[in-house]
Amino acid sequence: MDIYTTVEEKYLQAIEELHWGELPKALQYFNEIIVFDPDYARAYFQLGDIYQNHFKDYKTAGYYYKRCIELDHDFPEVYKPYLELVITLKMHKLVKQVAEKALLVPGVCEAHIYECLGLHAEQQQNFTEAANYFKKAELFNAIQDEQSTLREHQNRIKSKMNSTKAMIYDLQG
């Protein structure tokens with residue numbers, strides 16, 4: 001990193017490169033930031049996002065998200081993608097821990113966290129728990145566009161709960 005550029009300026013350059021689709025340049029900038037300032041949590045978050053969404057390298061992404069949280073546990077942006085990653089990796093014990101931490105951080109969207117928890121419970125075939133999480137997500141949701149998605153989740157869970165009910169046949173008649 002050159003001496004004429006601050007870490008924040010380099011970060012903004014990296015974000016701009018990412019925005020314009022210049023992934024290699026953005027990666028270079030984020031890595032330069034970490035070398036220059038190993039405690040710059042947002043660079044770790046961005047690297048985690050890149051590794052998760054562009055390279056599908058989930059373990060590396062997890063390292064960067066975890067490092068971001070270690071450096072700045074009050075950075076709200078990291079929790080939803082990290083929770084999604086932990087669910088993808090089937091790290092079931094870590095799901096609750098990350099969600100509990102996330103819900104304590106100001107600025108974290110509770111609706112997104114509860115939606116992730118609902119999807120996790122659904123994967124675990126725990127439909128009652130999933131339904132409760134989706135209801136909580138709907139209560140915390142303030143975005144009109146997401147309301148229909150949350151209702152779809154709830155309808156899907158109701159359907160799954162009904163399909164698991166035992167059928168009773170009346171053979172007399």
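Visitor: Leaving aside its neighbours within four places in sequence, which residues is Gln147 in contact with?
Guide: Apart from those neighbours within four places, Gln147 is in contact with Glu138 and Asn141, where contact means heavy atoms within 4.5 Å. Please keep in mind that this is a predicted model, in which local features need pLDDT of at least 70 and side-chain atom pairs count only at pLDDT 80 or more, while totals for chains, interfaces and linings use all residues. Residues are numbered from 1 along each chain as its sequence is written, and side-chain values use heavy atoms, with hydrogens and water left out.

Visitor: Is Gln147 buried or exposed?
Guide: Gln147 is buried, because its relative accessible area is 13%, and buried means under 20%, exposed over 50% and partly exposed in between, using a 1.4 Å probe and protein chains only. Gln147 is found in helix 9, residues 144–163; helices here are DSSP runs of H or I with at least four residues, strands are runs of E with at least two, and both are numbered from the N terminus.

Visitor: What does UniProt place at residues 136–163?
Guide: The unreviewed UniProt entry places a "coiled-coil region" there, with positions in the numbering used here, a shortened feature name, and the caution that annotations may be inferred rather than shown by experiment. In the model, residues 136–163 are 89% helix and 0% strand, with the end C-alpha atoms 23 Å apart.

Visitor: Switching topic, how do helix 4 and helix 5 pack?
Guide: Helix 4 (residues 58–71) and helix 5 (residues 79–88) pack at an angle of about 140°, with their axes 10 Å apart; the axes are lines fitted to C-alpha atoms over the stretch in contact, and angles run from 0 to 180 degrees between N-to-C directions.

Visitor: Which residues make that contact?
Guide: On helix 4 they are Tyr58, Ala61, Gly62, Tyr65, Lys66 and Ile69, and on helix 5 they are Tyr79, Pro81, Tyr82, Leu85 and Thr88.

Visitor: Why is helix 5 largely enclosed by the rest of the structure?
Guide: Helix 5 is largely enclosed because 7 of its 10 residues are buried, namely Tyr79, Pro81, Tyr82, Leu83, Leu85, Val86 and Ile87. Those buried residues pack against helix 3 (41–53), helix 4, helix 6 and helix 7.

Visitor: And where is Leu104?
Guide: Leu104 sits in the loop between helix 6 (92–103) and helix 7 (110–123), and Leu104 is exposed, with a relative accessible area of 73%.
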